[in-house]
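Trainee: Could you take me through one part of this model up close? I'd like to see how one chain sits against its neighbour, and then what surrounds it.

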Amino acid sequence: MSKTGIIPFGPQHPVLPEPIHLKLVVEDERVMEVYPAIGFVHRGLEMLAAKKDINQMIYVVERICGICSMMHGMTYCQALEELMGLDIPPRAKFLRVIWAELHRIHSHLLWLGLFADSFGFENLFMQSWKIRERIMDMLERTAGNRVIISVNIIGGVRRDMDDSTLRWILQEISGVEKDLSGLKDMVLNNYTVKKRTVGKGVLSKDEALRLGAVGPVARGSGIARDLRATGYAAYGELDFEPVVEKEGDCFSRSVVRIREIYQSIDLIRQAVSKMPSGEISVKVKGNPPVGEVISVVEQSRGEVFYYIKTSGTQYLERLRVRTPTFANIPALLKMLPGCELADVPVLILTIDPCISCTER
Amino acid sequence: MMMDSKEVKVENLLQQVQKYLDEGYRLVTETCVKENGGYKIIYTFEKDYIMENIHIIVNDMEVPSISGIYFCALLVENEIQDFFGLKFGGLAVDFKGRMLLGEESPVGPLASVEIVRKEKGVKE
Amino acid sequence: MLGNIKSVLLNLAKKPVTRMYPDVKRNYFENTRGHLINDMEKCVLCGICQRVCPSNCIKVNRDEARWEYNPFECVLCGVCVERCVKKSLKLDSAYRQPASSKYRVELLMESREEGKAAGKVKSLA
């Protein structure tokens with residue numbers, strides 16, 4: 001006879017870097033139902049928009065998430081630039097692409113480490129974080145900070161890279177690529193990893209669409225949707241194809257992320273080779289006009305959505321942020337029922353959860 | 001992109017949302033904004049990188065939940081319930097305004113009007 | 001599996017990637033935002049840094065000719081440095097050292113005539 005019970009998962013759990021609580025209704029070892037509870041790290045950043053002016057808000061939105069902070073700032077600045085009708089210099093656009101792709105690489109490497117840790121593969125965890133450290137050095141040398149690099153301003157970027165720095169980036173990125181080649185085999189052709197990920201947490205294409213999954217979760221299920229194809233910043237001038245895998249299980253989501261690291265390396269090379277010269281920012285005068293604007297950017301975890309309503313003053317009337325993990329949690333809730341209890345950590349890490357992003 | 005949205009009557013909302021689902025649109029998110037004393041809820045849908053917005057204007061009534069059509073709407077509708085003190089009817093999972101806020105939190109902090117929560121019976 | 005063994009052997013033969021920290025220190029990059037310093041000989045207490053600061057960690061008191069800074073609230077964005085008219089604010093590339101209690105930095109301008117800026121560090125209650 002099978003026994004049912006409720007197992008609380010989190011908010012404190014060895015595999016969770018951030019607090020999320022799931023009530024798992026289990027029948028023997030099988031998860032039958034899941035009830036989520038979030039709200040442990042809610043900071044109310046949307047409300048701060050009423051107290052900080054539009055330039056100070058850049059540094060607030062960058063702190064929504066530590067890992068994709070530059071892209072938050074970029075989305076926010078792009079929204080206001082569009083509202084104010086600013087045309088930012090091409091060099092600033094290319095610099096934004098380089099920083100955004102560096103962020104994507106370090107975010108995916110961080111995820112890979114945590115993911116490996118979720119099924120007890122400590123070696124892979126340390127190897128991937130070792131490589132990540134090179135990216136952090138690149139960010140620190142070019143922008144000044146390791147994680148929250150604060151390079152965006154409305155109208156461009158704050159820091160420039162000279163030719164020797166760009167050459168150094170190319171050299172370092174080749175080193176990262178070389179290091180990755182060893183790591184790639186450890187993930188993609190490994191018996192243990194395959195045993196834990198292949199066929200687990202399958203999300204079909206229809207389900208992914210209906211549940212509004214974004215980013216690598218959607219692309220792992222066969223939805224070829226990458227917002228960089230819309231050509232914001234300088235992506236319109238660079239050549240790339242969205243990475244898509246068909247199976248929709250944990251393994252194909254991992255493959256998507258690993259292939260995206262290589263794609264980002266390629267994009268950085270393209271951006272450096274096509275880098276135009278010139279100014280890095282335009283001067284902004286006055287307050288933004290009254291209006292409503294939506295801005296979307298492909299972050300490392302998926303699509304981020306900004307809605308900004310201005311009131312014609314230096315303060316925003318409403319700022320709304322929908323982060324990628326917020327869109328991926330419903331997919332997680334559909335993935336979990338039917339899986340083994342031991343697979344729950346793997347499934348949670350497979351959507352690359354960022355809880356402080358989700359709660360803002 | 002600059003936002004333009006068309007208004008939909010509250011009673012036609014579910015029908016309109018169902019139409020988007022049938023056409024293969026993805027629900028991006030819902031956004032609640034305070035406007036002229038009432039609340040504007042904007043529903044954003046996306047297909048092939050093109051975003052479409054519809055909005056409803058509500059005052060202090062119960063808003064129909066679209067989580068029966070798009071399951072993923074449940075998180076954002078709970079969030080609006082938390083922040084603006086609105087009520088959604090027929091939510092798939094209803095946190096009763098306690099998803100992001102705690103027991104001691106202010107009610108409807110983004111609504112910028114004072115809402116007093118009425119105690120109903122004994123709390124769980 | 002063979003790939004793993006190869007990686008294990010390679011890593012055995014390599015030098016460690018970590019540093020023996022207190023003995024071996026990493027050099028800071030030239031552009032690193034380490035900590036904020038104010039040269040009171042140049043400062044005119046205009047108060048722009050106080051206005052642009054996103055975390056409100058700088059207080060400028062013109063009546064008492066005092067520039068106050070809370071390093072524990074500072075987010076090291078560097079906006080004040082960019083907007084400083086007299087270029088008296090500077091970001092040093094060395095990280096701020098850990099402290100056992102919180103303190104505020106208070107700099108007074110009165111000693112300008114003597115040709116030397118007096119720095120005072122006051123601990124927070």
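Mentor: Let's start at the interface of chain B and chain A, then turn to the chains themselves and one residue inside chain A.

A word on ground rules: this is a predicted model, where local features need pLDDT of at least 70, side-chain atom pairs count only at pLDDT 80 or more, and totals for chains, interfaces and linings use all residues. Residues are numbered from 1 along each chain as its sequence is written, chains are lettered from A and ligands numbered from 1 in the order in which they are written, and side-chain values use heavy atoms, with hydrogens and water left out.

Of the 2 pairs of chains that touch, A and B make the most contacts (a contact means heavy atoms within 4.5 Å). Chains B and C don't touch, and 21 Å separates their nearest C-alpha atoms. At the interface you asked about, 38 residues of chain B are in contact with 40 residues of chain A. Together the two chains bury about 3,300 Å², and carbon and sulfur atoms give 63% of that; buried area here is the accessible area (1.4 Å probe) that two parts lose on being put together, summed over both.

One of the salt bridges pairs R320(A) with E79(B), at 3.2 Å from N to O. The rule also finds 11 residue pairs in polar contact across the interface of chain B and chain A, both residues at pLDDT 80 or more. A polar contact is a pair of N or O atoms within 3.5 Å; within protein, one must be able to donate a hydrogen and the other to accept it, and residues adjacent in sequence count only if both atoms are side-chain atoms.

Which elements of chain B supply at least two residues each to the side that touches chain A? They are β2 (26-35), β3 (38-47), β4 (50-58) and α2 (73-84). The largest share, 10 residues, comes from β2(B). Helices (H or I, at least four residues) and strands (E, at least two) are DSSP runs, numbered from the N terminus. By type, this side of chain B divides into 25 nonpolar, 6 polar and 7 charged residues.

Next, chain A on its own: it has 13 helices and 8 strands, and its C-alpha trace spans about 75 × 45 × 35 Å along the principal axes. Of its 360 residues, 64% count as buried, meaning under 20% relative accessible area (1.4 Å probe, protein chains only). In chain C, 34% of the 125 residues count as buried. That chain has 3 helices and 6 strands, running α-β-α-β-β-α-β-β-β along the sequence.

Finally, zoom in on N152(A), which lies in strand β4 (residues 152-153) of chain A. N152(A) is buried, with a relative accessible area of 0%. Its side chain makes a polar contact with the side chain of R96(A) at 3.0 Å, and a polar atom of that N152(A) side chain lies 3.2 Å from the backbone oxygen of M70(A). Leaving aside neighbours within four places in sequence, the residues in contact with N152(A) include I58(A), E62(A), G73(A), M74(A), C77(A), V157(A) and R158(A).

Methods. Salt bridge = Lys/Arg side-chain N within 4 Å of Asp/Glu carboxyl O. Nonpolar A, V, L, I, M, F, W, Y, C, P; charged D, E, K, R; others polar. Buried < 20%, exposed > 50% of the residue type's maximum accessible area, 1.4 Å probe, protein only.
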